[in-house]
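Here is a short report on chain packing and interfaces. The structure comes first, then the numbers.

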Amino acid sequence: MEHGYWIKSKPVYNALVWHEKATAHLIIAKNQGVLVALKLFQQRQPTQPVTLLYAQDGTDYAKTLNKVVPAGLDVLNSEQDLLVSLKNIMPNMRMGLRVYVAGSEGFIWSVAEVLKTFGVEDADIMKELTDTLARTIYCVHCKAITHNITTNIGKCSGCERMLFVRDHFSRHLGAYMGLMIDAESPGELPEIEEIYP
Amino acid sequence: MALNFKKETFREDYTYSNSDAAIKRFPFPFPEDQYMYSVNIEPHTKGKQGTVCEFTFDIDEHYVAECLDKKITLEQDPGRYKALPHMMDAQWDFVELTMEALAQDYPEHFSLKKQGLIWTWENKPLGIKDTFTFGDTSTLATEPFDYIGRQLQGDFVLLDHRDETLYADAGIVTSQADWSLAFNVGMSWREWHGPVPRATELGVMDRALKYLLNLQIGSPVRRLNWTMTVNPRLDTSPENYPHWGGERNTVNAENIGDLIHLRVELQTLFRLPRSNAIVFSIRCYLISLKDIATYPRWAKRLHRVQKTMHPDLIEYKGMTKFHPMMVDWLAKFDDGETLAIGTQPE
Amino acid sequence: MSMINVKVAAIEQVTPLVKHFTFVKEDGSSLPAFSGGSHVVVSIDIGGRVHRNPYSLMGSPMENEAYHISVRRQENSRGGSVFMHENVTVGMPLKITYPMNLFSLAKKGRKHILIAGGIGITPFMSQIADLKRMGANYELHYAFRSPEHGAFAAQLKESCGDHLHCYIDSNATRLDLEALLSDQPLGTHVYVCGPSPMVVATLETARNLGWPENHIHSEQFLSPPIGEPFKIQLARSNIEIQVSAEMSMLEAIEAAGVEADFLCRGGVCGRCELDVLETDGALLHNDHFLTDSEKASCKKIMPCVSRAKGERLMLDL
């Protein structure tokens, strides 16, 4: 098995910038993703209507946000609430809507999963990574998903095998591939290091 | 000519073996003493009688046993079959392509009778006979691609053609060389070719994509690919890596000739007419080093190819543990004689 | 390249300028199935010179007894359409390529807006058969000059019902692209085929309204333009060829007996792409395939529709 291989299907995340051409904008942010949203408004205030969904953790940005997004701001208390709110507003959206997502990788792909059900494809979504480089991994053996893996090798939440985290990403699953590290020599583990802080 | 189907296994006791005739027709993939990764695509035209390219889809003495092995794999892990909803037209295209080809090429084993859209399919080796309405999924017990995919040797992926690329949007994959359908389904060409070493940087995959986007109805193409597998195991999936990975530790200088198998994939690609999708067919052939060595020409060639293999490819193909031992084992067959270009056994 | 031998089974004058040709296999067997939006390239021999032109297949993809194409008579062309109108008769044998699709429906689309101008209706005829079979949500917007020029309008009214919207210049009914494209549900795809200004206007309107590029589809086969004669050198074949004013580079290469790859012959598919080894830089790119930077680099050319001006053009062939 090609442990040494650096597989290049990892998505690339960019800094958010406004689409010049649009009929409406939808920004979806979580935690530090909201700073990215605020930075967007420092670029310029678009002429088209803007909707901003924000799941907050500790810091309260609602006041600041209220100033820049007077209409269309929806502050939620959790990612779950945000996804529910997103599902409620999407049926009213029309072609010409541009979508921006900012947050952790896990958040970005949870949002993408919902958007897909409304006909918005991955390629149509602008994404910026914030907060953490932690990865969601899919155990190729037992199919369980484990969140927030920050190390090169992580324990599967399903079968408890130690999984090597490949740089191979499935947009369909929103996860990296995890593959048993010690199948050929049980118990022999390389050093576990934090590489996705 | 009717085939004699063997009773054999591809797991646990591994009773798989090749008859003399099967060895002779093995699709040996090395025409030259050095191996270089390339696209090497050629038209999938009718080959000589008896060769693996004689017919559209090759059925051989392992047919019944392979279909049984596929059944076991699918029962243990239904995730080896997956088709996204927009691929239904491609599924029926696949049914038409495969049933027509098999019935025409192997009339003593398969038959297809059509009365308008009412089709009767008979598969004698597997004892299957069903009547269904072409295009009406409710008339088959499973999805059409699943239905016929189980009755063929090898793996199949249906590629949707959109946005100037190809998406792996359906598959039935049970004899793969270390890739996961459940993980890869829905990926674009570039995403699922991420793992190929040295290839992406050479632009090989981009060129191959450009070629395939223009693949035409009625003009299928083929290429050979290869790797090495310990034991004649079809299911070398990442899913079951915990079960087969350890087998690499059992190879030693005494048993290497029996354990190590050259695994050749005959990959064929067909444009499907109604869906504009592409079928990617991956048919796996296995042969032990010992059986290869029954033809000195092949043993010499394989020795030279392996001796000069790039280290990246040795790792990519999972051969690191036994590669030096394999080169040593093959060396005794190589007298240094100059070999003409070509893959023929003699 | 694999070709299919067909014969002309029927010819019907559909409008004053459009003829509908029906082809069947010469040996009476079935034709290959195809997907909505496909075309074939038809070869015709005009006085010893082979013309090959792409035409959309109009019939239902589920019917494989016959193929249907329509040809609009183009007076200022190189003679292919005039020949089809005046010299092709019922019973005549012709060679066509296998169907090829460069204008396919987006199968994951939730709604499909089809916009046709004039003869640009043809690829939609087969797409509509597919959309209806799949039970898809679609609208067909069809613009033409005057009632007598609305090819297949009556037939479409019958098969599409409320999904069809016609715009007739002479009745001063016009398609408002902005209004149409600014109120569509997410997941909608737009497809346009017709005269160049209509295609350009549709693409621009959709882009300006923020439609993502992969939701916008167009097909516009180009005829090889008439130009000034020029010379080319083929490096591997080691010959020099004169390309006359009304001949394409690809046709001149073929006429010289050199085998060259091709598929659509309309500047779309990219199959005939050739590497330019040497040039004094005056390449007249007419295709839709190469990117602007590729065109500017003068390293590649599509010989089916592009031309050159100047003294030197050496190709890798």
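How many helices and strands does the secondary structure of chain B come to? The count is 13 helices and 10 strands, where helices (H or I, at least four residues) and strands (E, at least two) are DSSP runs numbered from the N terminus. The radius of gyration of chain B, taken over C-alpha atoms, is 20 Å. The globule rule (2.2 Å times the number of residues to the power 0.38) gives 20 Å for 346 residues, so chain B is as compact as a globular protein of that length. Its C-alpha atoms fill a box of roughly 60 × 45 × 40 Å along the principal axes.

This is a predicted model, in which local features need pLDDT of at least 70, side-chain atom pairs count only at pLDDT 80 or more, and totals for chains, interfaces and linings use all residues. Residues are numbered from 1 along each chain as its sequence is written, chains are lettered from A and ligands numbered from 1 in the order written, and side-chain values use heavy atoms, without hydrogens and water.

**Interfaces of chain B**

Contact means heavy atoms within 4.5 Å. Buried area is the accessible area (1.4 Å probe) that two parts lose on being put together, summed over both. A salt bridge puts a side-chain nitrogen of Lys or Arg within 4 Å of a carboxyl oxygen of Asp or Glu.

| Pair | Buried area | Share on carbon and sulfur |
|---|---|---|
| Chain B and chain A | about 2400 Å² | 56% |
| Chain B and chain C | about 1900 Å² | 47% |
| Domain 1 of chain C and domain 3 of chain C | about 860 Å² | 55% |

Take chain A as partner. Here 30 residues of chain B contact 27 residues of chain A. In chain B, the greatest area losses to chain A fall on B:Phe183, B:Glu191 and B:Tyr241, together 29% of what that side buries. There are 5 salt bridges. One of them joins B:Asp178 to A:Arg166, with the closest N and O atoms 3.7 Å apart. H12(B) gives the most, with 4 residues.

Now chain C. Here 16 residues of chain B touch 23 residues of chain C. B:Asn214, B:Gln216 and B:Arg274 lose the most area on the chain B side, together 33% of what it buries. The count is 3 salt bridges, including B:Asp160 with C:Lys107 at 2.8 Å between the closest N and O atoms. Strand E6 (residues 155–162) of chain B gives the most to this side, with 3 residues.

**Inside chain C**

An automatic or database assignment gives chain C domain 1 (3–101), domain 2 (111–219) and domain 3 (230–315). The C-alpha centres of domains 1 and 3 of chain C lie 26 Å apart. Each of these two domains puts 10 residues into the contact. C:Arg49, C:Arg52 and C:Arg78 supply 57% of the area that domain 1 buries against domain 3, more than any other three residues. The rule finds 1 salt bridge across this interface. C:Glu254 forms a salt bridge with C:Arg52, the closest N and O atoms being 2.6 Å apart.
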